[in-house]
Amino acid sequence: MGVETEKIVELTISRFDPETGKHYTSSYKVPVRKGTTLLEALMYIKDNLDGTLTFRHSCRMGICGSCAVNVNGKPMLACYTQVLDLKENRLLIEPLSNMRVIKDLVVDIDPFFEKLMKIKNYLVKPEAEFQKPHEFLQSPEDLKKFWDLTLCIKCSICYSACPATIDERFLGPASLTANYRFIADSRDQGGSERLKPMADNIWLCTQCNSCTLFCPKLVGCANAIVDDHSLLVETGDIPKTVKDVLESVYKYHNPMGTNQSKRVDWAKDLNITVFPETKKADILLFTCCSTTYDARNMEIAKAMAFILAKMGVSFTTLGTEEWCCGDHILRLGEKGLFEELAAHNIEMFRQFSAEKIVTLSPHCYNTFKKDKPYSDAKLNVVHYTQFLAEAIKKGIINPAKPVNRKVAYHDPCFLGKRNEVYDQPREILRSLPGLQLVEMKRTRQSSFCCGGGAGRVWTEEAESEKRPCVDRVKEALSLGVDTIAVACPFCVTTLEDAVKVLDVEGKIAVKDVLELLREAI
Amino acid sequence: MEKLTHDVIVVGAGLAGLRAAVAAAEVSSKLDIAVLTKHHPLRSHSVCAQGGTAAVTNPKDSFDLHAFDTVKGADYLADQDVVEFFVKKAPSEIVLTEHWGCPWSRTPEGKIDQRAFGGHTFPRACFAADMTGFHEMHAIYGKAKSYSNIKFYDEWFATSLITDQGAVVGLTAIEMKTGILHAFQAKSIVMATGGHERIYEFTTFSHTTTGDGMAMAYRAGVPLEDMEFVQFHPTGLIPSGVLITEGARGEGGYLVNANGERFMKRYAAEKMELAPRDVVSRAEQTEILEGRGLQGPYGPYIALDLRHLGEEKINERLPLIRDVALKLGGVDPVKEVIPIRPAAHYSMGGIKANIRAETPVLGLYASGECSCLSLHGANRLGTNSTAECLVFGAVSGEEAAKHALAAGLRELSQEKLLAEEARVSAIAARNGDERISVLRDKMRRIMNEKVWIYRRGDQLEAGLKEIRDLKKKFVDISVEDKGKQFNTGLLNALQLDFMLELAEVTIVSALPRNESRGAHSRVDYPKRDDQNWLKHTLAYYTKDGPRLEYAPVTITKWPPMARTY
């Protein structure tokens with residue numbers, strides 16, 4: 001009886017012995033058959049190979065939240081993961097990140113739960129209501145509004161994957177989601193009381209989406225945090241930094257607070273065409289507020305213009321009619337303002353009858369693709385990395401000049417985690433002669449956010465050691481690279497800032513992939 | 001040994017334990033209450049409860065109907081005064097959890113919805129989709145954490161109860177993080193540590209639910225009642241044994257054999273798949289034994305067919321079941337049948353306690369699955385266990401609190417503490433030839449082969465001998481992990497020690513009961529025998545093994561009748 005072993009998988013496990021303070025790894029060969037879960041593999045080791053291996057486990061059905069570990073850099077529940085589904089012969093098993101290791105795979109979950117207890121995990125109503133001997137009525141429709149958020153099993157995966165939790169003030173995705181679960185519960189009357197514990201720290205969320213991506217119960221934490229943001233914006237109880245960003249966009253239609261008339265100043269030495277004068281072009285280049293107004297990031301836009309010209313592709317921009325895409329604004333919770341921006345841009349796209357839109361920023365790309373009303377307009381939009389990787393493959397561009405750099409590519413969250421564009425930026429970099437590409441330890445889906453999303457690029461106020469960008473640059477430095485390549489203007493801003501904070505400007509540079517490609521042409 | 005003192009200590013933080021803590025805190029804000037649990041409260045096995053919680057809330061239903069269903073389901077071994085008390089208390093517990101935030105599934109009118117469940121003649125299972133226990137737990141945990149006079153000791157493993165002249169005075173527990181054994185002194189202690197079905201190989205139980213509290217109470221002199229009555233749930237997912245809720249059949253799921261036949265028509269023509277669990281599990285086992293099981297890589301099985309319910313209903317009412325079947329069974333219930341067979345699921349027996357959750361030891365209370373009040377008699381109805389945890393969790397907390405307000409602390413005997421310290425250190429130091437996991441697996445195999453759904457005197461005797469051999473071998477185990485901090489090797493050894501004790505009690509209790517009643521089915525004694533066996537078994541600890549006594553069953557309204565479905 002039983003199923004035959006399909007293969008032998010080698011598990012390398014990160015160990016920590018608290019008695020000696022020693023970190024080390026142990027490797028074990030585990031027979032795996034169809035149906036073997038990662039937890040069963042760990043138990044096989046403990047039962048048969050090494051009785052000292054230490055990990056938590058209990059329900060073995062994905063509901064108690066005990067057994068979360070990192071597997072090849074990604075956090076998951078060991079009991080809810082089939083080893084064969086991982087499609088690897090070697091697995092690196094590590095304790096959850098961002099949490100103190102007690103022993104082997106056991107981490108200290110106290111800080112996670114202490115933060116959860118900062119919110120009220122029960123219904124708040126006037127005391128008299130609770131004296132009623134019957135249930136509070138709730139329609140199935142009202143239940144549906146928060147049901148999905150009740151599925152959180154408090155496994156702390158989101159907390160461990162979250163870049164904002166390196167600042168201990170941040171309550172973390174699970175707590176903020178739990179808070180919104182109660183706010184959205186038609187029975188609850190907690191009102192503004194519920195907003196207090198998060199008002200001063202929720203803005204540290206970068207909307208990188210790691211929480212949602214790795215949640216074993218598919219809880220939409222990132223969106224719940226946006227909903228929390230919206231409530232705070234509504235009350236006006238928001239930090240001045242956030243208020244300033246929103247007011248700039250409200251007044252000037254861009255978060256930089258610069259007059260729209262300067263929108264094409266970046267291209268004043270270039271011979272480019274703009275809408276509405278130009279009514280037809282191969283592509284519509286949506287430039288992004290950062291690459292048009294930020295002096296440093298204009299270089300990215302210029303590189304794009306140069307490369308497009310080399311390719312012989314005709315392009316135009318919306319010129320002064322390009323308004324902020326609104327991605328940061330939406331994720332800061334100002335949904336009304338976002339809709340206004342979106343309505344304008346969609347109307348411009350319609351008037352131009354844009355057949356193909358290319359964006360410089362993953363944020364514009366993401367919101368055009370994913371967020372209503374943009375998504376309803378079914379725009380044909382690509383990020384520039386997709387567009388140019390294709391062109392290189394077809395031989396339309398030929399990067400010939402050597403780019404003698406050792407480069408680590410940092411996956412921007414809105415390109416990678418949110419849109420699974422991992423390969424094209426790397427394909428471009430690999431096509432550059434002389435360039436040596438190295439992978440970050442935390443890469444692709446496990447990439448560690450630069451800390452710039454959801455407006456944090458403009459609202460940053462954390463101590464330098466607690467800024468995700470500083471953490472990330474340190475990681476790149478440990479790889480011995482001289483350049484961090486990114487494909488997002490906001491990553492350029494935050495990471496360059498971290499380079500300055502760490503005072504390593506002589507050691508490492510931050511470049512957009514476009515700038516590196518430009519060097520090769 | 002460092003000593004910590006509280007007025008009330010609740011051991012275990014599942015539904016019963018957390019409910020007890022809240023109830024105690026409600027009695028007086030002056031009481032110093034501790035909740036001690038070997039894992040984080042939200043990791044407790046109660047989160048695995050799926051289908052629902054029974055309560056009479058519909059005017060067309062009645063307390064008497066719920067009580068009678070329970071008594072009949074129990075094959076008349078339940079104490080009827082306890083049953084009558086229980087059914088009356090259950091509805092207000094549902095309201096309380098609702099008030100704390102439990103997201104109960106709703107009717108179109110906005111009231112708490114109810115579904116059908118096996119052995120209940122009215123659809124009275126309140127449910128939160130198919131994650132009822134999970135949602136109740138999270139609601140009560142949130143509430144319990146709001147009391148400033150409840151202190152939580154998460155990841156503290158209790159090893160023994162300390163008694164003195166018929167009263168409980170404290171306990172010992174290991175703080176997992178440091179590995180240090182501490183003494184706790186208390187006026188009242190509530191045991192709420194869950195069942196012991198991890199003694200079986202194929203079980204719905206969480207890995208960590210190993211019956212520790214039952215064994216601790218037993219060793220402290222409290223009798224374990226009706227331990228021969230182990231419930232086998234009809235639908236354990238193959239190969240893991242993970243629970244597939246009875247709610248799946250409550251929503252209309254079929255059980256089908258290899259001939260594609262809904263075989264329940266031959267065993268319970270009226271109730272079909274919704275007959276009580278003992279009846280359905282026996283039917284499945286018979287189908288398998290007579291060669292009508294489907295054949296799979298893990299041996300014969302029965303098919304649970306939900307396909308006719310449709311994707312929408314499955315997603316709305318049984319979302320966890322679909323996810324679990326996909327992730328752990330490799331089948332999508334929308335398109336395929338779910339392979340299942342009976343799995344050890346619940347202990348009707350446990351620490352003897354009365355209607356006020358008092359054990360025979362003064363100051364010691366028990367509630368939830370570790371207790372035997374006796375509410376479930378020889379067979380528990382589905383959804384009565386979460387209801388019991390709430391109702392008697394509250395009773396135990398309240399009674400323990402009242403006792404603590406009236407009683408004083410008693411001295412912890414230094415001698416007893418040192419003896420316990422020596423016992424634990426000796427186990428930790430063991431370097432013998434026996435692997436803990438091998439002994440554990442042997443125990444579980446023996447229980448599966450010889451103390452399963454159908455039992456026979458000679459097999460029980462053989463099983464008892466084998467379990468006793470394993471108990472002897474336990475002294476030769478090896479605890480490989482010699483560290484202090486978070487020593488799960490020592491934890492496994494201590495748990496195995498408890499489980500071997502409970503396996504022995506289970507078999508010793510089953511052996512003399514020469515009748516078939518509820519979940520205890522003797523092929524050598526296929527009939528119920530009210531003349532000789534309408535009585536509770538009480539197993540007392542002695543160093544030579546359990547000594548049995550018997551106690552009468554309380555009958556109030558419902559004299560025993562033939563039990564058909």
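Leaving aside its neighbours within four places in sequence, which residues is Leu231(A) in contact with? Here are some points to follow in the structure.

1. Before the answer, some ground rules. This is a predicted model, where local features need pLDDT of at least 70, side-chain atom pairs count only at pLDDT 80 or more, and totals for chains, interfaces and linings use all residues. Residues are numbered from 1 along each chain as its sequence is written, while chains are lettered from A and ligands numbered from 1 in the order in which they are written.

2. Now back to Leu231(A). Its contacts beyond four places in sequence are Ile183(A) and Leu195(A); two residues are in contact if their C-beta atoms, placed from the backbone, lie within 7 Å. You will find Leu231(A) in helix α8 (residues 221-235) of chain A. Helices (H or I, at least four residues) and strands (E, at least two) are DSSP runs, numbered from the N terminus. Leu231(A) has 21 other C-beta atoms within 10 Å, so it is buried. The cut-offs are 20 or more other C-beta atoms within 10 Å for buried, 12 or fewer for exposed, and partly exposed in between, with C-beta atoms placed from the backbone.

3. Next, look at chain B, where the axes of helix α2 (residues 63-73) and helix α3 (residues 80-100) come within 9 Å and cross at roughly 135 degrees. Axes are lines fitted to C-alpha atoms, for helices over the stretch in contact, and angles run from 0 to 180 degrees between N-to-C directions. α2(B) and α3(B) are therefore oblique to each other: angles under 35 degrees count as roughly parallel, over 145 as roughly antiparallel, 65 to 115 as roughly perpendicular and the rest as oblique. Residues in α2(B), including Phe63(B) and His66(B), meet residues in α3(B), among them Gln80(B) and Val83(B).

4. Tyr76(B) sits in the loop between α2 and α3 of chain B. Tyr76(B) is not a glycine, yet has a positive phi of about 70 degrees. Tyr76(B) counts as buried because 22 C-beta neighbours lie inside 10 Å.

5. Asp226(B), also not a glycine, has a positive phi of about 55 degrees. Look for Asp226(B) in the loop between β10 (224-225) and β11 (230-237) of chain B. With 28 other C-beta atoms within 10 Å, Asp226(B) is buried.

6. Finally, check the cis peptide bonds. One joins Lys372(A) and Pro373(A), with omega about 5 degrees. Another joins Leu373(B) and Ser374(B), where omega is about -5 degrees.
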